[in-house]
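Reader: I would like to go through how the two chains of this model meet, and on what grounds each term is used.

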Number of protein chains: 2
Amino acid sequence: MPSALILIANGTEEMEFTITYDTLVRAGVKTVSAYVAEYPSTDVGGDRSPVVAKCSRGMKILPDMLFDLSSCGPDVYDLIVIPGGAQGAETMSKHPSVQEVIKRYIERNKLVAMICAGSLAAKTAGLARQPLTSHPSVKAQLDHDFDYLEDPVVVSDNLITSRGPGTAFPFALTLVELLIGSEKRAEIRAPMVFPSNTPF
Amino acid sequence: MPSALILIANGTEEMEFTITYDTLVRAGVKTVSAYVAEYPSTDVGGDRSPVVAKCSRGMKILPDMLFDLSSCGPDVYDLIVIPGGAQGAETMSKHPSVQEVIKRYIERNKLVAMICAGSLAAKTAGLARQPLTSHPSVKAQLDHDFDYLEDPVVVSDNLITSRGPGTAFPFALTLVELLIGSEKRAEIRAPMVFPSNTPF
């Protein structure tokens, strides 16, 4: 069974996080969320008790674990997901260990998926120029360093990028297809009951 | 500013809950989630500490408050939302206080919204025969008592029903339109960046 790690932080866009998490679980992917603290850490002790991520529109989500370079690498998971939400994406994209782990997934040819402002992490991790998309609000920070596209989902080898909450379903379904195949994508899509003529 | 109450329980479908919550907040609706415990309660004491709802695909969400008949009525909120997820919808639809509060919203001409298996609460609350939809998996439990439709979103006076995670965006956007208007719906829809040709 493939496995996936989804990062979460204060300010993460809760729809992008939830649609991706839930869709991967529906496909049978072993899915784990990991909380990324602000860097440098404001943590004053060794407290490793569960934290609650306060998301971009106020929802409070309890992550499955804390992010840690040694336990979140491409030796453990087949896919890492960086969701959007301005504040959460800033925390993730500026975190040295997140940048390092993204590079390791790319090097090991595992999947790296970014949506919305999460695509900023492609730049901060120093990924090579390649096709990419993001939320329109951060396009100006990315279009000099990447071949910027405005498609709902852009697949560039093992880097998958997408645009916002409105593209989170095709983003998540694409990840299922890449991890397991198009039959599984179709199988889990049907009971979600999309309106007819939905273009994904 | 309009206000909305969204119920949550163990087994609630996290995409339906999150898409509705987040979209309402984006529209400026004062949005509160309330945890519904199984009935009869297995609670053995007076513990009112925060609980975590374990959702249908394993996500853990911290509700804003505990459901209580006296603080969740139509004198406080303009809209009550019953999300799906088989187990969560069963807990809500069988809970006498949830049934009572739904009747009070209808009587006071406030909005009642149900999605997926959440539509079962229309039956258990004894609502009058009227147009309604639900997830296909519970159609057989509803189509004798209601005028069952298969549209993505059905608006029947102040009862709004919908089908599943794939219709959660048009469901939530319809609620915004009914509470605030079509301009607000269009305003918050744009930055979500739906793919072109999305039929809602």
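Author: Strand 4 of chain A and strand 4 (residues 60–62) of chain B are joined by 3 bridges and run antiparallel. This is a predicted model, in which local features need pLDDT of at least 70, side-chain atom pairs count only at pLDDT 80 or more, and totals for chains, interfaces and linings use all residues. Residues are numbered from 1 along each chain as its sequence is written, chains are lettered from A and ligands numbered from 1 in the order in which they are written, and side-chain values use heavy atoms, with hydrogens and water left out.

Reader: Which strands form the open sheet, and in what order?

Author: The order is 3(A)-4(A)-4(B)-3(B), with antiparallel pairing. Strand 3 (53–54) of chain A and strand 3 (53–54) of chain B are the edge strands, since each pairs on one side only.

Reader: Why are the two copies said to be related as by a two-fold rotation axis?

Author: Superposed by least squares on the C-alpha atoms of residues with pLDDT of at least 70 in both, chain A can be laid on chain B with an RMSD of 0.0 Å by a turn of 180° and a shift of 0.0 Å along the axis. The copies are therefore related as by a two-fold rotation axis. Of the residues of chain A, Ile61(A) comes closest to that axis, at 2.3 Å (C-alpha).

Reader: How do you know that the copies meet through the same surface?

Author: Contact means heavy atoms within 4.5 Å, and 40 residues of chain A are in contact with 40 residues of chain B. Because 100% of the interface residues of chain A are also interface residues in chain B, the surface is the same.

Reader: Why is the contact of Lys60(A) and Asp64(B) called a salt bridge?

Author: The term requires a side-chain nitrogen of Lys or Arg within 4 Å of a carboxyl oxygen of Asp or Glu. The side chains of Lys60(A) and Asp64(B) meet at 2.9 Å, N to O, so the pair qualifies. Across the interface of chain A and chain B the rule finds 4 salt bridges.

Methods: Two strands pair if DSSP finds at least two bridges between them. Helices (H or I, at least four residues) and strands (E, at least two) are DSSP runs, numbered from the N terminus.
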